[in-house]
Amino acid sequence: MVNFFEERSKNMGAGQNVFNDGKAVLNMSITVTVSAQKPPAPHGYISISRKKLLQNLEINTGARVNAWVDSMRASSPTHIKSTPSLSDDQGSWNLHHPSALEMFEQIIEASKGKQIAMFLDYDGTLSPIVEDPDRAFMSKKVGYLFIWNCVWVVSINSFQLVTFQVCVNQMRKTVRKLAKCFPTAIVSGRCRDKVYKFVKLAELYYAGSHGMDIKGPEKRSKSTKDNESVLFQPASEFLPMIDEVYKQLVETTKSTPGAKVENNKFCLSVHFRCVDEKKWSELAQQVRSVLKEYPKLRLTQGRKVLEIRPTIKWDKGKALEFLLESLGFANCTDVFPVYIGDDRTDEDAFKILRDRGQGFGILVSKFPKETSASYSLQEPDEVMDFLRRLVEWKQLSVQARAQSRM
């Protein structure tokens, strides 16, 4: 683990380019509680020219704002027709990105003899996209469990059978079973604490803020009560700036009905899913007016959300690599990573898997999109079905091996 941290530090400090003032230095803050010995906090430099920075922020001209509005439209399912090259040929897209459910047997065949590791986005993958991001609860699907119980009824002086309906979160139940079969991580743009409150499973890895806040499963020893986990926060130096920009964005966007600014600790999200489309240009201008004073932050776009992140070389793809290292699969050829996500930010992870030639990505979408994923699923319910099939396959495999040894 320590060797990986040292190597990561060297890699991030290799290109010693700077910000506009030529002096800005990012102090990389890393805390590791897996081992009793903590490695020194590494330092790194960020390679960004002014021209590249303005391209990333997309805030240098009015035309850039218009480009953002066009991109905002394209991210909405109601405007999917704006990409005719994709939407006009659904069959061709499905041919190149077939359903992971329909191709399940081929997927299992490809993973034979390898350790499957699961990486899951949250919004749009484990939960449906909803208008209020604070209510993005995990998908329930079949949500009721009937419980029979005998109760004594005084009026008739006898026992009677009574049934109770108890709501059960099927997605959480499925993910819990998945984690018992395979190493499993949640990789989200959300604040790690918020994702944990939604998922509520301590046995998982959690990578919040697009992988800028990573923590491992909590395992407490009965004797020492030690809390073993991995905590990686490469953008700690940006926390005061993020908080400052958050307050400004809340104040600036409050005149736009439906706009919601979410503080995800190491990044910010400006949700426009409840904003009238006629107000999108106004909202983009408002975000532009705030960010032009903060060249060390970059603006990207996700599914009906504008994301503000620190200008460091870190994303969901880097988080995926870090997690594989943490799991002990540094240079292993017998690991089979599977990443499931629905957003543009998940493409960084899909590309990593494609470049590594290991495992594959699954895009969750009902519509054709440009993607580096190999397979597709249409909605969270299909994701749950796919995860269930993986669990069932694993359980049957374990049983078969146990019987063969008898």
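**View 1. F272 sits buried, with a relative accessible area of 0%.** Buried here means under 20% relative accessible area, exposed means over 50%, and partly exposed is in between, all with a 1.4 Å probe and protein chains only. W280 is buried too, at 3%. A quick note before going on: this is a predicted model, where local features need pLDDT of at least 70, side-chain atom pairs count only at pLDDT 80 or more, and totals for chains, interfaces and linings use all residues. Residues are numbered from 1 along each chain as its sequence is written, and side-chain values use heavy atoms, with hydrogens and water left out.

**View 2. Eleven aromatic pairs turn up in the structure.** In the pair F272 and W280, the ring centres are 5.1 Å apart and the planes sit at 70°, so this one is edge-to-face. Rings of Phe, Tyr and Trp (its six-membered ring) pair if their centres lie within 6.5 Å; planes under 30 degrees apart are stacked, over 60 edge-to-face, and the rest tilted. Elsewhere, look for Y122, F137 and F198, which form one aromatic cluster.

**View 3. K200 has a positive phi of about 60°, though it is not a glycine.** You'll find K200 in the loop between α8 (192-199) and β8 (205-208). Helices (H or I, at least four residues) and strands (E, at least two) are DSSP runs, numbered from the N terminus. With 54% relative accessibility, K200 counts as exposed.

**View 4. S209 is another residue other than glycine with a positive phi, near 50°.** S209 belongs to the loop between β8 and β9 (213-215). Its relative accessibility is 0%, so S209 counts as buried.
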